[in-house]
Amino acid sequence: MPKPRRGGAKKTSDAMTFMNLTAGKWVSQAIAVAAELGIADLLKDGTKTAAQIARSANASKDGVYRLLRALGSVGLFAETGNRRFRLTPRGKLLRTDSPQALGAYARFVGHESTWRPWEELGHSVRTGEPAFDHVFAMPIFEYFAKMPEAAAVFDAAMTSISTWESKAVVAAYDFPGIGTLVDVAGGHGLMIMTILKTNRKMRGILFDLPHVTAGAATLLRSGGVADRCQIVSGDFFTSVPEGGDAYTMKHILHDWDDERAIQILRNCHSAMRRSGKVLIVDSVIPPGNAAHFGKLLDLEMLALTPRGRERTQAEFGDLLQRSGFKLKRVIPTETHLSVIEGVRA
């Protein structure tokens, strides 16, 4: 039998792969710090030394070098010699002027509002109860209503990922026959703005809690859709705006248990026109052991939300059936999200 060739790529052992997996918290916190310091913006015009970056960021020269070296090992920056660094294509996602800017999401991942509950994930696994409530002595959305700084970090993170996700939704789904679209719990409005910019004859209604919609008007004006999008404040557990041809919800039902998700869907069912539909934009968990971001996001829901969860296609079908709808189709996007289309039964 021939001997193995020397000098080839070294195969990573299972033990080393395991060690890299356990270091995930180090990577996520390192990315959050890089986002907070604005390092990607400092590098947008070309390479700089760690010392130059440290001076601009008012940080330790040694600390910044070690941070960049570590993040270089996961492909966000690249060291070019003499402690000089440049941005990689992946690192450009941290730039605040990037079309797919994800730095605000990275900052949220490292923020205490999510970091501290993850320290208590074991509590959620053992009890089925949210670690967030265990840590902060209140549910997550009550906390954000009382803590404006944390709420601002969360809202910026949701707008950050929505930039990427909303474009993927519009590319995957053509919104046929919809004259008025209601975006339920649509945040600052980036999702509905993206849809309206692509569908020039459509009108929109952005619906969310008052302290959330307060930040929406500026964004809608900047997108040139303010004249076609009404902003309405309210609580989706009580009611949603009437008269929509379709009601969309992105990253909403996954925050809640089945009973409260059904309550939201039933309110949509009562408010929509007879030919109306719901468009649920969430992860659809695939069977088996296939890698899928939604399977990890599901743990975030376990730790943070009021018994929220990611769901399988069968579970979405059950929610829709119990709410007066039937599942028509599931349309994947290029992200981890799908559009789950339900029509009145």
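Reader: How do you know that the length of helix α11 agrees with the span its residues should have?

Author: The expected span of a helix is 1.5 Å times one less than its number of residues. Helix α11 (residues 148–172) has 25 residues and should therefore span 36 Å; its end C-alpha atoms are 35 Å apart, which agrees. Helices are DSSP runs of H or I with at least four residues, strands are runs of E with at least two, and both are numbered from the N terminus. This is a predicted model, in which local features need pLDDT of at least 70 and side-chain atom pairs count only at pLDDT 80 or more, while totals for chains, interfaces and linings use all residues. Residues are numbered from 1 along each chain as its sequence is written, and side-chain values use heavy atoms, without hydrogens and water.

Reader: Where does α11 bend, and by how much?

Author: The bend is about 35° at S162, taken as the angle between axes fitted to the seven residues ending there and the seven starting there.

Reader: Why is K250 called buried?

Author: Buried means under 20% relative accessible area, exposed over 50%, and partly exposed in between (1.4 Å probe, protein chains only). K250, in strand β7 (residues 246–250), has 12% relative accessibility, so K250 counts as buried.

Reader: What makes D318 and R322 a salt bridge?

Author: A salt bridge needs a side-chain nitrogen of Lys or Arg within 4 Å of a carboxyl oxygen of Asp or Glu. The N to O distance for D318 and R322 is 3.4 Å, so the pair qualifies. Both residues lie in helix α17, four residues apart, and are therefore separated by about one helical turn. An α-helix has 3.6 residues a turn, so residues three or four places apart point the same way.

Reader: Why is D318 called partly exposed?

Author: The relative accessible area of D318 is 34%, so D318 is partly exposed. R322, at 30%, also counts as partly exposed.

Reader: What makes R329 and E341 a link between distant parts of the chain?

Author: The side chains of R329 and E341 meet in a salt bridge of 2.7 Å, N to O. R329 is in strand β9 (residues 325–332) and E341 in strand β10 (residues 337–344), 12 residues apart.

Reader: Is each of these two residues buried or partly exposed?

Author: R329 has 35% relative accessibility and therefore counts as partly exposed. E341 has a relative accessible area of 0%, so E341 is buried.
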